[in-house]
Amino acid sequence: ASGKVQQLSPPVTQEQDETEPKQQDMVFKSGPITLYNADCLSILSQLQTDSVDCILTDPPYGVDFEGNSDFTGWLNTFKDDHEFVFNKLLPPILSELFRVLKSDGHFYFFYSMIHHQRFCDLIKATGFKPQYVPLIWNKGSMGGLKERYRMDYEPVLFGGKGNGRRLTQPASTTYTCQNPSNKLHPAEKPIELLSYYISQSTIEGEIVLDPFSGSSSTLVACKK
């Protein structure tokens with residue numbers, strides 16, 4: 001599935017029509033926002049090269065969520081085995097994302113700190129150039145634990161293809177906002193956080209792509 005600010009890709013000539021995403025895969029459209037329900041590779045392969053201004057997405061982490069209460073009732077729908085994620089799922093998708101991102105575009109990938117080096121190596125092998133330190137989503141006050149230090153943040157890998165555009169406003173790596181309550185999806189991210197990243201890397205009318213849309217928070221953030 002994918003979310004966007006304007007059109008999924010720029011207008012095409014008649015000869016290019018066959019490469020447009022299929023109409024039957026479209027499940028929602030409201031003004032400039034379009035949602036597709038399909039294997040993201042089938043949609044990505046139909047997008048034009050250098051047509052996306054920003055990629056903002058939350059792919060599977062490759063982490064075993066067995067025993068995590070947030071994922072009760074979801075585990076049978078998750079294919080989050082780390083070997084599957086890093087060897088089969090992500091490589092072809094990242095290659096397509098690299099192809100469709102504009103030369104000055106930005107990417108934001110949420111990922112697990114447990115697999116920091118492996119994820120960074122995979123991103124670099126695709127051709128992307130990530131910032132040398134990750135961005136940090138600070139989830140605010142979550143309380144502590146006695147048996148260990150509680151993790152109250154998530155890393156976000158930011159970068160582009162090389163000499164990307166400048167950020168809209170000067171910024172530091174850490175952004176603080178609360179984890180959503182009453183989630184539609186266990187890995188749902190705050191709309192406030194997504195809106196901030198979108199506003200830092202795009203202007204109104206540009207294209208934002210999310211191939212792992214989940215509860216479609218990215219689409220809501222684009223709309224705002």
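At 22% relative accessibility, Arg99 counts as partly exposed in this predicted model. Its salt-bridge partner is Glu96, and the closest N and O atoms of the two are 2.7 Å apart. Glu96 is buried, with a relative accessible area of 17%. Both residues belong to helix α2, where three residues, about one turn of the helix, separate Arg99 from Glu96.

Other salt bridges reach across the sequence. Arg165 forms one with Asp104, with the closest N and O atoms 3.6 Å apart. Because Arg165 lies in the loop between β7 and β8 while Asp104 lies in strand β4, this pair ties together parts that are 61 residues apart in sequence. Asp104 is partly exposed, its relative accessible area being 28%. Through shared partners, salt bridges join Asp53, Lys102, Asp104, Arg165 and Glu206 into one network. The structure as a whole contains ten salt bridges.

Another of these pairs is Asp50 with Lys161, whose closest N and O atoms are 3.3 Å apart. The two come from distant parts of the chain, 111 residues apart: Asp50 from the loop between α1 and β3, and Lys161 from the loop between β7 and β8. Lys161 is buried at a relative accessible area of 18%, whereas Asp50 is partly exposed at 41%. The backbone of Asp50 also deserves attention: this residue has a positive phi of about 55 degrees although it is not a glycine.

Two members of the salt-bridge network, Asp53 and Arg165, are also in contact with Thr202. Thr202 is placed in the loop between α4 (191-201) and β9 (208-209), and it is buried, with a relative accessible area of 9%. A polar atom of its side chain lies 2.7 Å from the backbone oxygen of Ile198. Leaving aside neighbours within four places in sequence, the contacts of Thr202 also include Cys54, Thr168 and Val208.

The account now turns to the nonpolar interior. In soluble globular proteins, nonpolar side chains tend to be buried together. The largest nonpolar core here has 26 residues, and those with the most contacts inside it are Leu90, Leu97, Phe109, Phe119, Ile123 and Leu157. At least two residues of this core are supplied by each of α1 (40-44), β3 (52-57), α2, β4 and α3. Helix α2 gives the most, with eight residues. Not counting residues up to four places away in sequence, Leu97 touches Leu44, Ile55, Phe109, Phe128, Leu209 and Pro211. A second, separate core of 21 residues includes Ile33, Tyr61, Phe110 and Leu135.

Helix α3 (residues 116-126) shows how a helix presents buried residues: Phe119, Cys120, Leu122, Ile123 and Thr126 are buried. These residues are on the same side of α3 because they cover an arc of only 160 degrees around the axis. Among the elements that cover them are α2 (82-100), β4 (101-110), β5 (129-130) and β7 (153-160). After α3 comes Gly127, with a positive phi near 120 degrees.

One of the paired positions is Met26, whose bridge partner in β2 is Tyr36. The hairpin formed by these strands has two residues between them, and Gly31 takes a positive phi near 60 degrees.

Definitions and conventions. Residues numbered from 1 in each chain as written. Predicted model: local features only at pLDDT ≥ 70, side-chain atom pairs only at ≥ 80, totals over all residues. Heavy atoms only, no water. Pairing = 2+ DSSP bridges. Helix = DSSP H or I, 4+ residues; strand = E, 2+ residues; numbered from the N terminus. Buried < 20%, exposed > 50% of the residue type's maximum accessible area, 1.4 Å probe, protein only. Arc of directions from axis to C-beta. Contact = heavy atoms within 4.5 Å. Polar contact = N/O pair within 3.5 Å; in protein donor to acceptor, adjacent residues only side chain to side chain. Core = buried A, V, L, I, M, F, W, Y, C linked by side-chain atoms within 4.5 Å. Salt bridge = Lys/Arg side-chain N within 4 Å of Asp/Glu carboxyl O.
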